[in-house]
Amino acid sequence: MKLDDLISGVLDSKVGKAVAAKAGLPEATVLRRGEAMPSGAIALGVVEPAGSLVPDALAALGVDAQPALIDTPDSRSTDADGRQRPPAYPGRLGGIVIDATGAHRIEQLEQVRAVLRPAIKALEPSGRVIIVAADPATSADVETAAVRQALDGIMRSVGKELRFGATCNLIQVADGTTPSDLAQVLRFALSGRSAYVDGQPIVLSPSLVELVESKEGLDKLDHPVVEPVETRRDGRIVVVTGAARGIGAAIAHRFGADGARVVCVDVPAAGQALSAVANDVRGTALQLDITVPDAGVRIARHVIDRYGPDARIGALVHCAGILRDKLLANLDEQRWGAVLEVNLAAQLRINDVLLNPEQPGGVADGGRIVAIASTSGWAGNRGQTNYAASKAGVMGMVRALSAQLADRRIAVNGVAPGFIETDMTASIPVIDREIFRRSSSLLQGGRPVDVAEAIVFLADPATPVNGQVLRVCGQLIVGR
Ligand code: NAI
């Protein structure tokens, strides 16, 4: 048995857990995953004055939210020891949604504290705290912008205080956000699909909202369109690079489970594993090194050959990536170049081809692009200048492309995973790995499926998010 496996085994064993507890290391909770919604009641807390957007979105989801308890000097009780206790919920709460869309004065933040205090104490394992507010960037009023940003600080701190797999996230709505837009994001945030998304703002896109809403915006599209779908079982064509293993394989499986026709792309050397994934998801395999100059054309050709001359890509997921870690003082041009080629340059070349509206087998209007960045791209990482450059570059690509493609209703987003348990991270020394796991608020690494869920969410035509990079990191302490 390898030393790594031995140490992991010890940490996971009964004795190991007892030792870890003695050493002050708290135990990680098994997270609620998949479509499952919280089992306890959902409370709705309100910062007055609030509109109807949040209640309407909850109603659209079929959530019968109960009014949140409010902690005030009058609502407290005194216990046998003479201590003041905040009001208590009768049972476990599945989650609390706080409508802070009307927050614009500092004193209103007290209302957020007042609803959070009783709710946090009652939250079930893997429960949810979700604050809905407006985007600070959209206000010219200084106090309003400050208050909206303050909610981000509250959200991140609450995320760090919650235990037993519970998470806290912030949804920032835009002018024009509809209840169904918000419901789409709330469904993801409340369900187990967002298990490893913690301490994050999810910003709804004004441009995309306006475009989807405006009839004019729809009329001016002349190319094949992927219509927004009520159901995700839409049979659209999804291209996933790096699909032979790890996160890419999980993404292919997740799309396959939704009924998408998945084109699984990976290097010829991974051909056997690639075929196995493609067979499992009833998709097709394309053996291709994405760094070859005609990679984009070969993907387009594969789409037409397999799915017909009018076929177009509904979602393109750039997942293939490599590490070649070295301190910069020891980093040669090969290790530098290989990482920038696979993780960034190849994607840009593929996009150039597949985003040409005249390209048969290219990306359809209304399609989605999701690229994988990394928390190293936010924070930098010792020994990873090349990798961090490539992943920060992916974020730059996402921002620039999303602005360019909004008039074709193509949304471009990124996902920045933290520490995910895959073959790639298995090569990290075991002690470092354990430190990474415990550096997240959820005290554990994520699973490939956690990244896959976020990608499927962002690739859904009904998700009104554009130009964002969503961290799937369990609120890892590194980075933004
Ligand atoms: P992995 O090493 O398990 O899988 C990567 C896949 O990409 C492999 O199947 C590989 O053959 C393929 N690939 C590499 N170069 C290629 C090329 N030139 N052409 C076609 N395919 C190629 O990696 P893992 O962990 O699944 O990571 C997937 C993505 O997620 C990568 O972009 C990685 O940088 C990113 N990521 C992973 C994190 C983690 O903790 N595992 C954290 C942050 C980001």
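**Entry 1: the strands around E12**

I began with strand E12 and found that five bridges join E12 to strand E13 (residues 363-372), the two running parallel. I took helices (H or I, at least four residues) and strands (E, at least two) as DSSP runs, numbered from the N terminus, and I counted two strands as paired if DSSP finds at least two bridges between them. The model I am reading is a predicted one, in which local features need pLDDT of at least 70 and side-chain atom pairs count only at pLDDT 80 or more, while totals for chains, interfaces and linings use all residues. Residues are numbered from 1 along each chain as its sequence is written, and side-chain values use heavy atoms, with hydrogens and water left out.

Is E12 enclosed or open to the outside? I used buried for under 20% relative accessible area, exposed for over 50% and partly exposed for in between, with a 1.4 Å probe and protein chains only. Six of the six residues of strand E12 (residues 313-318) are buried, so E12 is largely enclosed by the rest of the structure. I found E13 mostly covered as well, with ten of its ten residues buried.

**Entry 2: the open sheet**

I next traced an open sheet of six strands, whose order is E2-E1-E5-E6-E7-E8 and whose pairing is parallel. Its edge strands, each pairing on one side only, are strand E2 (66-67) and strand E8 (201-203). Inside this order I checked E1 and strand E5 (residues 93-99), which pair in the parallel sense over six bridges, with Ala 41 opposite Leu 93 in E5.

**Entry 3: the ligand**

I counted 27 residues around the ligand, of which the closest are Arg 245, Asp 266, Cys 319, Tyr 387 and Thr 422; a residue is near a molecule or strand if one of its heavy atoms lies within 4 Å of it. For polar contacts I required a pair of N or O atoms within 3.5 Å; within protein, one must be able to donate a hydrogen and the other to accept it, and residues adjacent in sequence count only if both atoms are side-chain atoms.

A nitrogen atom of the ligand, in turn, has a polar side-chain atom of Asp 289 at 2.9 Å.

Of the 830 Å² of accessible area that the ligand has on its own, the protein covers 93%; such areas come from the Shrake-Rupley method with a 1.4 Å probe, and for residues only the protein chains shown count as cover. I listed the elements that give two or more residues to the shell around the ligand as helix H9 (246-257), helix H14 (385-405) and helix H15 (423-426).

**Entry 4: aromatic pairs**

I found two aromatic pairs in the structure. The rings of Phe 188 and Phe 457 have centres 4.0 Å apart and planes at 5°, so I recorded the pair as stacked. Rings of Phe, Tyr and Trp (its six-membered ring) pair if their centres lie within 6.5 Å, and planes under 30 degrees apart count as stacked, over 60 as edge-to-face and the rest as tilted. This pair links distant parts of the chain, since Phe 188 is in helix H6 (residues 179-190) and Phe 457 in helix H17 (residues 448-458), 269 residues apart. Phe 188 counts as buried at 1% relative accessibility, and Phe 457 counts as buried at 1%.

The rings of Phe 419 and Phe 436 have centres 5.6 Å apart and planes at 15°, so this pair is also stacked. Phe 419 is buried at 2% relative accessibility, whereas Phe 436 is partly exposed, with a relative accessible area of 26%.

**Entry 5: Arg 33**

A polar contact of 2.8 Å joins the side chains of Arg 33 and Asp 450.
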